[in-house]
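Have the sequence and the 3D view open as you go.

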Amino acid sequence: MIWIQDLDYLIQDAERILCGADLLIDGERIVAVGKVDPESARGATVISGKGKIAMPGFVNTHTHLYQNMLKGMGDMLRLKPWCEQVTFPFASIIHQEERETDEPQLGYHWAALGAMEMVRSGITSFVDMDIVQDGVLRAWQDVGVRGNLALQLVNRWVPKELMVPDEQRKEKALGIIERWHNRGKLSVSMAPSTPFACTPEFLLWIAKTAEEKDLQIYIHISETNWEVQQAKDETGFTPFGYLEDVGFFTKPVHAVHCVCVEPGDIEIMKKRGIDVIYNPKSNAKLGSGIAPIETYLKNKIPVAVSTDGPASNDMLDMFEEMRFGQLLQKAANCDPLAVSVKEMFNMATKEGARMMDIEAGVLEEGKLADVVLLDDSGVHMQPMNGVLQTVFYCAKSQDVDCVIIGGEVVLQDKAFVTVDEKSIINKAVELRNRAKQHVGEKLDADF
Ligand SMILES: [Zn+2]
């Protein structure tokens with residue numbers, strides 16, 4: 001048991017904030033919030049809440065951790081050349097490593113780096129649309145995070161050297177599902193990268209497999225005007241219209257981006273129970289545009305906010321993401337009333353948890369103990385006028401002091417308990433340097 005005592009503030013969710021409260025955790029769940037009976041907490045490990053604010057861990061519903069090796073690359077590029085010049089060359093390094101060894105090291109290290117960076121930003125759960133590798137999940141198991149590997153599946157629109165027979169892709173995906181889905185804090189979902197990176201047959205196999213195995217589906221849709229125009233030229237439909245036409249929406253999917261949508265797309269989203277994952281910084285960096293979040297909220301289409309991958313952001317920081325995402329909506333709509341602090345905080349916590357289908361994103365009895373303690377003593381946090389507003393507009397990742405995920409203390413006093421952070425960073429840099437020798441000249445950046 002863990003007994004967090006005498007917190008300055010406890011944010012249960014955007015609507016409920018307690019002062020001077022305690023929190024009691026037993027196993028993976030929260031068992032008491034507010035006043036704790038000392039008898040029921042006998043033998044518990046005590047953590048002082050003095051000078052701290054407890055809040056639900058952030059839920060980052062969309063990232064690509066393999067891009068962690070590509071931070072800072074590919075500025076001044078639109079989406080298509082950015083893929084061709086930044087991400088595809090690195091994907092070919094990954095494939096080369098897989099061919100050369102049965103125990104690839106890159107995946108473990110990009111996944112561990114990403115998981116650690118997210119924990120330091122108060123993220124306790126996430127969905128990583130990533131390369132299909134066991135090492136990724138092993139890393140998360142070691143760090144102690146709640147991760148969902150969204151198997152990034154493509155069989156079109158990628159360079160020849162990355163193409164493999166469909167049967168091989170399917171077998172690899174099914175193997176990962178078998179070994180890792182619903183194993184402790186880990187789970188697996190299906191992720192056709194975009195409507196046009198997969199053939200219609202492959203899309204339907206993905207939808208069918210997700211249905212049979214009760215897996216979620218994540219997919220990038222309508223990220224750029226270029227994509228929408230391309231879809232119309234090729235098929236006569238928008239990307240949403242095309243997926244509806246091929247019969248892909250047999251179950252609700254989580255649609256990433258949705259920057260460039262038309263009224264007919266909104267109708268498909270409502271009809272099929274599709275929700276939206278908003279990536280404001282990535283959409284801004286790639287010049288893709290600003291997703292119409294106000295329109296989604298008015299149409300009762302649920303929205304979560306996320307960081308996208310580190311090559312198009314270039315950080316995994318939910319404080320910055322939710323703040324930027326909310327300010328952007330106010331600017332885009334010329335309206336200071338557009339998207340409130342409460343709405344955006346919910347998108348970063350409760351809504352994300354609902355999308356991931358986990359009982360988290362809120363601190364209350366019976367929920368998973370995914371808890372973040374913020375140090376509120378920093379000069380940028382004081383004096384405090386409104387707890388939620390201060391956390392939203394003023395807090396930084398550096399204020400994250402303690403992170404508990406499923407009742408397991410992962411970070412305490414700003415240091416990792418579960419892994420040796422420094423040695424993982426050193427090894428990741430060594431692997432990146434080795435990869436550079438393979439394809440450095442292909443990359444249009446100082447890799
Ligand atoms: Zn993405």
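**A sheet and a helix pair**

Q: In β15, which residue is the bridge partner of Y278?
A: Keep in mind that this is a predicted model. Y278 sits in strand β14, residues 275-278, which runs parallel to β15 and is joined to it by 3 bridges. In β15, Y278 has as its bridge partner V305.

Q: Which strands stand at the edges of the sheet, each with a single partner strand?
A: The sheet is open, has 4 strands with parallel pairing, and reads β12-β13-β14-β15 in order. An edge strand has a single partner, so one of its sides is left without a neighbour in the sheet. That describes β12 (218-221) and β15 (303-305).

Q: What angle does the direction of helix α12 make with that of β15?
A: Within the sheet, neighbouring strands are turned by 30° against each other on average, ignoring direction. Helix α12, residues 341-348, packs on this sheet and touches β14 and β15. Its direction and that of β15 make an angle of about 75°.

Q: Are α2 and α3 parallel or oblique to each other?
A: The axes of α2 (residues 106-120) and α3 (residues 134-143) come within 7 Å, crossing at roughly 40°. Angles under 35 degrees would count as roughly parallel, so this cut-off matters here. The two helices are therefore oblique.

Q: How many residues of the contact of α2 with α3 are nonpolar?
A: On the α2 side, the contact includes A111, A115 and M116, while α3 brings in, among others, V136, A139 and W140. Of the contact residues, 2 are polar and 2 charged, and the nonpolar ones number 10.

Technical notes. Residues numbered from 1 in each chain as written. Predicted model: local features only at pLDDT ≥ 70, side-chain atom pairs only at ≥ 80, totals over all residues. Pairing = 2+ DSSP bridges. Axes fitted to C-alpha atoms, helices over the stretch in contact; angles between N-to-C directions. Contact = placed C-beta atoms within 7 Å. Parallel < 35°, antiparallel > 145°, perpendicular 65-115°, else oblique. Nonpolar A, V, L, I, M, F, W, Y, C, P; charged D, E, K, R; others polar.
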